[in-house]
Amino acid sequence: MTEQPPSVQPEPARKLSARDRAVLALERRDWPAPGVKERAVREELGMVPVRYYQLLNALLDDPRALAHDPITVNRLRRVRESRREER
């Protein structure tokens with residue numbers, strides 16, 4: 001008799017990391033002037049703005065981010081799509 005391999009159960013869905021939640025929280029805020037947001041990214045998250053926007057863009061495609069903050073994610077997806085259409 002051949003032994004059957006154990007069934008592989010999918011790993012439970014992981015929650016967003018604290019960093020990912022912080023990126024979304026920062027993106028929800030209103031910014032009074034140019035440059036203020038970039039300074040907050042450096043000071044509060046400890047990353048350069050380029051890396052912040054890379055992470056944010058990846059989060060927009062992450063279903064966990066959509067589940068965590070659908071209003072912000074959907075708003076940013078619309079902005080991203082309109083910018084793509086302008087090109």
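**Helix α2 and its surroundings**

Helix α2 covers residues 36-45, and its buried residues are Lys37, Ala40 and Val41. Buried here means under 20% relative accessible area, exposed means over 50%, and partly exposed lies in between, using a 1.4 Å probe and protein chains only. Seen down the axis of α2, these buried residues fall within an arc of 105°, so they line one face of the helix. That arc is taken from the directions that run from the helix axis to the C-beta atoms.

Before going on, please note that this is a predicted model: local features need pLDDT of at least 70, side-chain atom pairs count only at pLDDT 80 or more, and totals for chains, interfaces and linings use all residues. Residues are numbered from 1 along each chain as its sequence is written, and side-chain values use heavy atoms, with hydrogens and water left out.

What lies over the buried face? The cover of the buried residues of α2 includes α1 and α3.

Let's zoom in on Lys37, which sits in helix α2. Its relative accessible area is 13%, so Lys37 is buried. Setting aside neighbours within four places in sequence, Lys37 is in contact with Glu27, Trp31, Tyr52 and Tyr53; contact means heavy atoms within 4.5 Å.

Two of those partners deserve a look of their own. Tyr52 is buried, at 0% relative accessibility, whereas Tyr53 is partly exposed, with a relative accessible area of 35%. A search of the whole structure finds 1 aromatic pair. Tyr52 and Tyr53 form this edge-to-face pair, with 5.0 Å from centre to centre and 80° between the planes. For such pairs, the rings of Phe, Tyr and Trp (its six-membered ring) must have centres within 6.5 Å; planes under 30 degrees apart count as stacked, over 60 as edge-to-face and the rest as tilted.

Now for the helices that cover α2. The axes of α1 and α3 are 10 Å apart and the two helices pack at an angle of about 95°, which makes α1 roughly perpendicular to α3. Angles of 65 to 115 degrees count as roughly perpendicular, under 35 as roughly parallel, over 145 as roughly antiparallel and the rest as oblique. The axes are lines fitted to C-alpha atoms, for helices over the stretch in contact, and angles run from 0 to 180 degrees between N-to-C directions. On the α1 side, the contact is made by Arg19, Asp20, Val23, Leu24, Leu26 and Glu27, and on the α3 side by Tyr52, Leu55, Leu56 and Leu59. Tyr52 and Glu27, both in this contact, are also partners of Lys37.

Helix α1 has another partner too: α1 and α5 pack at about 70°, with axes 10 Å apart. Helix α1 is therefore roughly perpendicular to α5. Leu24, Glu27 and Arg28 of α1 meet Thr72, Val73, Arg75 and Leu76 of α5.

Along the sequence the pattern is α-α-α-α-α. Of the 87 residues in the chain, 26% are buried.

Methods
Helices (H or I, at least four residues) and strands (E, at least two) are DSSP runs, numbered from the N terminus.
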